[in-house]
Amino acid sequence: AKAKAKVTGGLTLESVRDSLIRQEDTIVFSLIERARFPANALAYDPSYFSDPGSCGSLVDFAGRYENPEESPFFPDNLPPSQVPPHKFPRLLHPAGRSVNLNKIIWDVYFNKLLPLFVAPGDDGNYASTAAHDLECLQALSRRIHYGKLVAEVKFRGERKDYEPAIRARDKKTLMDLLTDQKVEEAVKRRVAKKAMTFGQEVKLGNDTVGSKGKYKVDPDIVSRLYGEWVIPLTKDVEVEYLLRRLD
Ligand SMILES: C=C(O[C@@H]1C=C(C(=O)O)C=C[C@H]1O)C(=O)O
């Protein structure tokens with residue numbers, strides 16, 4: 001697929017990608033913050049945090065009122081918004097706005113990602129652990145659902161190519177059209193570099209001994225999280241959005 005920065009209602013593929021690049025900082029920092037704590041499996045154990053009148057584990061409970069504005073993890077229990085709506089959703093096609101992969105993101109985060117970047121063990125710090133998990137989840141969710149905006153820009157720029165594939169419900173062709181392998185490779189390399197930069201021990205003077213190769217979160221793991229889950233899920237959001245684009 002072409003990666004031309006066509007102007008579409010003031011939006012360009014370039015400006016959307018700039019936002020994704022900036023969001024990498026938030027994601028890498030949130031992973032670093034969570035990695036300060038070990039696995040703390042009890043934080044996710046519903047029987048350990050049984051509270052009469054509530055159900056679910058600490059993260060389920062916390063997630064119920066610490067809702068992200070963008071794509072809620074618990075859409076049925078949303079408190080009223082305290083802030084005026086962000087202008088981002090108005091750029092989207094109405095039928096595609098509701099695409100929400102948070103159930104999958106939630107499962108992938110706890111079952112696949114988390115075990116890769118936290119140490120095993122338990123330090124009892126369950127409330128902080130759950131709070132940092134939610135920060136990671138919200139940052140990841142925002143990034144992945146940004147795929148809607150990416151898809152909208154691509155659709156407007158290459159409508160002739162996308163329309164037949166959307167009408168044919170042809171996910172494979174849509175996936176091929178929206179995929180840009182070179183950009184994906186650059187993303188994976190850049191997040192690894194950010195993990196090295198943000199996650200290094202910063203020392204004063206010329207005391208550099210022992211800091212080499214020791215990062216707060218493993219750069220290769222961060223790259224892998226992106227390559228295996230974050231990017232594929234972003235593309236799933238793009239495809240789901242496009243399938244609704246002509247509704
Ligand atoms: C988000 C985009 O669409 C796809 C997904 C990418 C990603 O998740 O980083 C990168 C390139 C594309 O394959 C994009 O083109 O920028």
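**Reading a salt bridge and a ligand site**

Guide: In this predicted model, D180 and R17 form a salt bridge, and their closest N and O atoms are 3.8 Å apart.

Visitor: Which parts of the chain does the pair link?

Guide: Distant ones: D180 lies in the loop between α7 (171-178) and α8, while R17 belongs to helix α1, and 163 residues separate the two.

Visitor: How many salt bridges does the count come to by this rule?

Guide: A salt bridge needs a side-chain nitrogen of Lys or Arg within 4 Å of a carboxyl oxygen of Asp or Glu. By that rule the count is 17.

Visitor: Turning to the ligand, which residues come nearest?

Guide: Of the 15 residues around the ligand, the nearest are R17, R143, K154, D180 and E184. Both partners of the D180–R17 salt bridge are among them.

Visitor: Which atoms of R143, D180 and E238 lie by oxygen atoms of the ligand?

Guide: Polar contacts are read as pairs of N or O atoms within 3.5 Å. For R143, a polar side-chain atom is 2.8 Å from a ligand oxygen. D180 places a polar backbone atom 2.8 Å from an oxygen atom of the ligand. In E238, an N or O atom of the side chain is 2.9 Å from a ligand oxygen.

Visitor: How much of the ligand does the protein bury?

Guide: Taken alone, the ligand exposes 360 Å², and the protein buries 99% of that. The ligand sits in the second largest pocket.

Visitor: Which elements give two or more residues to the shell around the ligand?

Guide: They are α1 (13-35), α5 (147-157), α8 (181-198) and α9 (219-243). The most comes from α9, with four residues.

Visitor: How do the residues of the shell divide?

Guide: Seven are charged, six nonpolar and two polar.

Technical notes
Residues are numbered from 1 along each chain as its sequence is written. This is a predicted model: local features need pLDDT of at least 70, side-chain atom pairs count only at pLDDT 80 or more; totals for chains, interfaces and linings use all residues. Side-chain values use heavy atoms; hydrogens and water are left out. A residue is near a molecule or strand if one of its heavy atoms lies within 4 Å of it. A polar contact is a pair of N or O atoms within 3.5 Å; within protein, one must be able to donate a hydrogen and the other to accept it, and residues adjacent in sequence count only if both atoms are side-chain atoms. Accessible areas come from the Shrake-Rupley method with a 1.4 Å probe; for residues, only the protein chains shown count as cover. On a 1 Å grid over the protein atoms alone, a cavity is a set of points where a 1.4 Å probe fits but cannot get out, and a pocket is an open set with protein on both sides within 12 Å along at least five of seven lines; lining residues have an atom within 4 Å of a point. A molecule sits in a cavity or pocket if more than half of its atoms lie within 2 Å of its grid points. Ala, Val, Leu, Ile, Met, Phe, Trp, Tyr, Cys and Pro count as nonpolar, Asp, Glu, Lys and Arg as charged, and the others, Gly among them, as polar.
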